[in-house]
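The sequence and the model are shown first, and selected local features follow.

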Amino acid sequence: MGKPIVAIVGRPNVGKSTLFNKLVGQRLAIVEDTPGVTRDRLYGNCEWQDHRFLLIDTGGIEPKADDVLLRHMRGQAQLAIDTADAILFVTDIRSGVTAQDQDIAAMLMRSGKPVFLVVNKVDGVGEPPMELYDFYSLGIGEPYPVSSVHGHGTGDLLEAVCACLPGNEDGEDEDERIGVAVIGRPNVGKSSLVNHILGEERMIVANEAGTTRDAVDSDVDNRYGKFTFIDTAGLRKRGKVEDGVERYSVLRSLAAVERAKVCVIMIDATEGFTEQDSKVAGFAHEQGKACIIAVNKWDAVEKDDKTMDVQRKKLMNDFSFMSYAPIIFISAKTGQRVDRLFELIKFVDSQNAMRVTTGMLNDLLARATARVQPPSDKGKRLKIYYMTQIATRPPTFVCFCNSKQLFHFSYARYIENQIRETFGLEGTPVRIIIRERGEKV
């Protein structure tokens, strides 16, 4: 058994995401005064007096919603309620008890789970306002007055919640898990891939571009190992990032890349490579992440026995700046080659974390400089004294030499190619830093 799960539910715009951010202690949920901004369930780790649990922020429940997206959000909230050990039902003191609140309260009572009635936006300290007593009419029990902005009342709430949660069975080493960010342009099938892997409709999947706004974490344990998949909002061109919510989503995607160990860069096989794909991949490359290029919707492509080779060559040319990244052709819809994707994730992660001894590096350096003489200028020749690895993720090497100016970019690329030829390092960027002797690393 993992950590207990607590779900935050309520109608839109009562401050669920602000409360989530306050309890988790970091700005994970998008917070904006627009109803319906949180669309997918968002997970965060919460700790209170030696209790650890997983907090889920959900899209607001609209009990009688007709709009397709609102219906999706209601389904997501229902899924969160079904998987939770306890539920925080958030209401708003300023708007009082609404008909929607009553519908949601009835829905929650049917769940049979412990429900805590949270009355938000009680920003003053001291005696609670008289309006608080109206919330007893929901039949859920004692209301907890809180201010999600200032944090008032959250201690009492957490104490009550922790008292009813099952005990933790912790001890799992988070380092064992491989964080995988699934990134790419909107509508290439990122959520469909994560949903296929999880076997449940975890992310909202719709044919409108940009349905996933938050980056969402999902743990997956299988025969290949332990993984955390981070499904991200599709990265768009800056010019198209119009509203504030969209801007947050791009930042979230970039933050997801930073948190991950491996990036799966998804391309749409039916559309081919675009300039935006190179920007998405470029960010992962700059961050030094292990990378895989996954060509999705391969089932929708008309092909013969040469199609894959032709596509692979074209993509290798398109992604020439990250020629180290393996290319895999998949279908999130049918599950084609998704098992092989797990093997690749495991492999490129180990390459990204590889460490090479200084002795082996200097043997390689001696062979490489004997085969291709270091460059010279006006009678002065480049001398490389020694090379050592100073970091992993990505593997980073320092070459100490007599002159940085003589160490041309092309010769650094030659040394990198020799390192790759000898030690593999597939699927990971390699950094080479040039230092003159006596200079600090």
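The model is predicted: local features need pLDDT of at least 70 and side-chain atom pairs count only at pLDDT 80 or more, while totals for chains, interfaces and linings use all residues. Residues are numbered from 1 along each chain as its sequence is written, and side-chain values use heavy atoms, with hydrogens and water left out.

Arginine 393 is placed in the loop between E15 and E16 (helices, H or I, of at least four residues and strands, E, of at least two are DSSP runs numbered from the N terminus). Although arginine 393 is not a glycine, its phi is positive, at about 50°. A cis peptide bond with omega of about 0° connects arginine 393 to proline 394. Proline 394 belongs to the loop between strand E15 (384-391) and strand E16 (396-401). Most residues other than glycine have a negative phi, and most peptide bonds are trans.

Leucine 425 also has a positive phi of about 50° without being a glycine. This leucine 425 is located in the loop between H11 and strand E17 (431-436). Leucine 425 is buried, its relative accessible area being 1%.

## Salt bridges

Across the whole structure, a search finds 15 salt bridges (a side-chain nitrogen of Lys or Arg within 4 Å of a carboxyl oxygen of Asp or Glu). One of them pairs aspartate 221 with arginine 177, with 2.7 Å between the closest N and O atoms. Aspartate 221 is in strand E8 (residues 216-222) and arginine 177 is in the loop between helix H4 (154-164) and strand E7 (178-184), so the pair ties together parts that are 44 residues apart in sequence. Aspartate 221 is partly exposed, at a relative accessible area of 47%, whereas arginine 177 is buried, at 6%. A network of salt bridges links Arg177, Asp219 and Asp221.

Aspartate 277 forms a salt bridge with arginine 185, and their closest N and O atoms are 3.1 Å apart. This pair links distant parts of the chain, 92 residues apart: aspartate 277 is in helix H7 (residues 275-286), and arginine 185 is in the loop between E7 and helix H5 (190-198). Both aspartate 277 and arginine 185 are buried. Another salt bridge joins glutamate 416 to arginine 420, with the closest N and O atoms 3.1 Å apart. Glutamate 416 and arginine 420 are both part of helix H11, four residues apart, or about one turn of the helix. Glutamate 416 and arginine 420 are also both buried.

Helix H10 (residues 358-371) and helix H11 (residues 409-423) have axes that come within 10 Å and cross at roughly 125° (axes are lines fitted to C-alpha atoms, for helices over the stretch in contact, and angles run from 0 to 180 degrees between N-to-C directions). H10 and H11 are therefore oblique to each other (angles under 35 degrees count as roughly parallel, over 145 as roughly antiparallel, 65 to 115 as roughly perpendicular and the rest as oblique). In H10, Met360, Leu361, Leu364, Leu365, Arg367, Ala368, Thr369 and Arg371 meet Tyr411, Tyr414, Ile415, Gln418, Ile419, Thr422 and Phe423 of H11 (contact means heavy atoms within 4.5 Å). The contact of H10 with H11 comprises ten nonpolar, three polar and two charged residues (Ala, Val, Leu, Ile, Met, Phe, Trp, Tyr, Cys and Pro count as nonpolar, Asp, Glu, Lys and Arg as charged, and the others, Gly among them, as polar).

The axes of H5 and helix H9 (residues 338-352) come within 11 Å, crossing at roughly 95°. H5 and H9 are therefore roughly perpendicular to each other. Leu193, His196 and Ile197 of H5 make this contact with Val338, Leu341 and Phe342 of H9. By class, the residues in the contact of H5 with H9 are five nonpolar, one polar and no charged.

## Two buried positions

Threonine 91 is part of strand E4 (residues 86-92) and counts as buried, at 0% relative accessibility. Leaving aside residues up to four places away in sequence, threonine 91 touches Val14, Asp101, Leu117, Val118, Val119, Asn120, Phe135 and Leu138.

Isoleucine 61 is situated in the loop between strand E3 (51-57) and helix H2 (68-83). Isoleucine 61 is buried, with a relative accessible area of 0%. Between isoleucine 61 and glycine 10 there are 5.8 Å in space, C-alpha to C-alpha, although the two are 51 residues apart in sequence.

Notes
Buried means under 20% relative accessible area, exposed over 50%, partly exposed in between (1.4 Å probe, protein chains only).
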